[in-house]
Amino acid sequence: MLRVPYNLKIAMPPLVLPPKATTLGAAISAAAEFLDPATGTTALITGAGVSVESGIPDYRGPSGIYTLNQNHRPIFYTEFVDHHTIRKRYWARSFLGWEAVRLAKPNRVHKYVGDLINGGWLRSLVTQNVDSLHSAYVKDVTEIHGTLSSAVCLTCGTHYDRSELQLELARLNPSWADLLQQELDRLSEQRTRDPIKSFRLNPDGDLELPARISYDQFNYPTCPSCASNGIAKSTSNGAWSEENIDITVPHSKRKVKDVGVLKPDVVFFGESVNDHVKEVAEQKMKMADKILVVASSLQTYSAFRLIKQNKTNGKRIGIINVGPVRGEHELLVNGDLRVSFIAGDVLGGVVDIMNQQRSPLAYARR
């Protein structure tokens with residue numbers, strides 16, 4: 001199961017499911033009726049739109065990276081593992097972007113999802129997001145695309161805390177660290193209420209920078225474990241050395257040609273989802289009677305495949321997303337749910353119904 005981008009524009013089909021959900025009240029009513037535990041258990045899969053209110057952009061929303069920059073092209077897995085220069089570019093942009101991710105706070109959608117799981121209206125959660133914000137309210141989160149909160153060595157498989165790696169990146173790149181600190185100081189002086197919005201952040205945590213920027217002098221560290229064991233070499237200041245190029249370790253975790261390379265613990269485009277994670281996600285979908293998609297266009301195949309597979313098995317599908325969703329004309333039939341309102345507004349109303357034990361029909365009359 002690969003994480004593959006789907007960059008073609010898709011048009012919004014006529015919204016006929018449910019036919020009466022043309023107001024927010026009716027949409028809340030329809031969503032509550034779909035999620036009602038009396039009609040079976042529901043597994044939830046969320047996308048990048050969930051974290052927009054936390055300041056982390058999505059891909060195709062009004063302020064999404066593909067909306068603002070139609071020429072944007074993410075780094076692919078093979079590019080990262082094969083090219084030292086590409087890794088310099090990624091880690092430089094990630095060094096600046098990590099501060100925005102670190103400062104991000106969970107928003108109301110994350111809380112509502114936690115409320116619905118704790119209240120028994122949702123059985124399980126799978127997310128495509130890599131910001132780990134769901135973890136603030138949900139203990140058991142399956143992150144099919146990994147998490148930015150850690151990095152992993154492609155040779156030995158050792159994991160490292162991303163915040164600690166940030167300190168090492170700052171030490172190796174004092175001029176970049178000064179640039180980042182100046183920006184943070186400027187934002188602090190202005191007392192910006194939401195400072196991370198001033199960063200041009202991409203959904204996967206790296207910063208969008210002007211094309212003229214040079215990354216030649218940027219350094220990233222060698223895996224400390226590989227360095228201490230003599231598997232990989234470092235420069236005199238501890239940076240990854242080009243002496244590690246084209247050295248393959250027979251028993252490395254992944255078959256890559258450069259040793260001691262640290263990679264963010266996320267699934268890059270063109271990279272396979274971890275087999276164990278894939279199995280857990282599939283099991284969560286299998287154990288539920290219905291599946292709800294929230295704030296996702298299902299453009300990556302890893303997520304779309306999960307939904308399509310379960311639709312083939314006859315399960316009801318619900319979609320709460322403002323914009324169009326890949327293949328929704330195939331996924332939705334009579335009895336399924338399609339709501340085109342902001343997820344936070346809809347889920348907040350559902351939580352209200354759950355807490356008050358009110359009939360969903362009460363909202364439909366608003």
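Two strands count as paired if DSSP finds at least two bridges between them. Helices (H or I, at least four residues) and strands (E, at least two) are DSSP runs, numbered from the N terminus.

**Entry 1, ground rules.** I noted that this is a predicted model, in which local features need pLDDT of at least 70 and side-chain atom pairs count only at pLDDT 80 or more, while totals for chains, interfaces and linings use all residues. Residues are numbered from 1 along each chain as its sequence is written, and side-chain values use heavy atoms, with hydrogens and water left out.

**Entry 2, the sheet.** I looked up the strand order and found β5-β4-β6, an open sheet of three strands with antiparallel pairing. β5 (159-161) and β6 (262-266) are the edge strands, each pairing on one side only. From one strand to the next, the twist averages 40°; axes are lines fitted to C-alpha atoms, for helices over the stretch in contact, and angles run from 0 to 180 degrees between N-to-C directions.

I followed β4 (residues 146-153), which pairs with β6 over four bridges, in the antiparallel sense. Cys-153 has Leu-262 of β6 as its bridge partner.

Contact here means heavy atoms within 4.5 Å. I found helix α4 (residues 84-103) packed on the sheet, where α4 touches β4 and β6 and its direction makes about 140° with that of β4. Helix α6 (residues 162-172) lies across β4, β5 and β6, at about 75° to β5.

pLDDT is the predictor's confidence in each residue, from 0 to 100. I read a chain mean of 85, with 80% of residues at 70 or more. Over residues 12-17 pLDDT stays under 50, and over residues 64-68 pLDDT also stays under 50. Where pLDDT is low, the predicted coordinates should not be read in detail.
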